[in-house]
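This report looks at the salt bridges of a predicted model. Look at the charged side chains first.

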Amino acid sequence: MEINSEFGNLEAGDVLEPDFPEENVTFQQEDWRRALIEEVSFKPALWRIQDSSYSEKDSKEQAWTDVTANLNLRFEMNLQRKRAGVCVV
């Protein structure tokens with residue numbers, strides 16, 4: 001299955017390499033999991049069957065867009081805090 005994305009054409013199983021050195025990553029894997037779970041919990045269209053938006057494709061796509069934007073914001077804020085000597089998830 002081929003996916004067109006901002007990264008170009010991807011095949012199932014492709015691995016994306018980060019554009020930054022590994023030592024600049026501020027979130028630990030468990031922190032990312034918690035952050036993802038928290039962000040998804042704010043979007044019932046992604047997980048709550050009873051939600052009116054659950055079966056609407058556009059609503060789900062917007063919810064995922066919001067989740068990724070919020071995770072990216074958290075990541076950027078953490079990078080800035082790390083550079084300032086403070087790291088908070």
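**K57 and E61**

K57 is exposed, because its relative accessible area of 61% is over the 50% cut-off. Its partner in a salt bridge is E61, with 3.9 Å between the closest N and O atoms. That distance counts because the cut-off is within 4 Å.

E61 has a relative accessible area of 42% and is partly exposed. K57 and E61 both sit in helix α2, four residues apart, so about one helical turn separates them.

**K43 and D66**

A salt bridge also joins the side chains of K43 and D66, at 3.0 Å from N to O. This pair connects distant parts of the chain. K43 lies in the loop between α1 and α2, D66 lies in helix α2, and 23 residues separate them.

E39 and R74 form a salt bridge through their side chains, 3.2 Å from N to O. This pair, too, links distant parts of the chain. E39 belongs to helix α1 (residues 29-41) and R74 to helix α2 (residues 57-84), 35 residues apart. Both E39 and R74 are buried.

How many salt bridges does the model hold? The count comes to four.

Notes
Residues numbered from 1 in each chain as written. Predicted model: local features only at pLDDT ≥ 70, side-chain atom pairs only at ≥ 80, totals over all residues. Heavy atoms only, no water. Helix = DSSP H or I, 4+ residues; strand = E, 2+ residues; numbered from the N terminus. Buried < 20%, exposed > 50% of the residue type's maximum accessible area, 1.4 Å probe, protein only.
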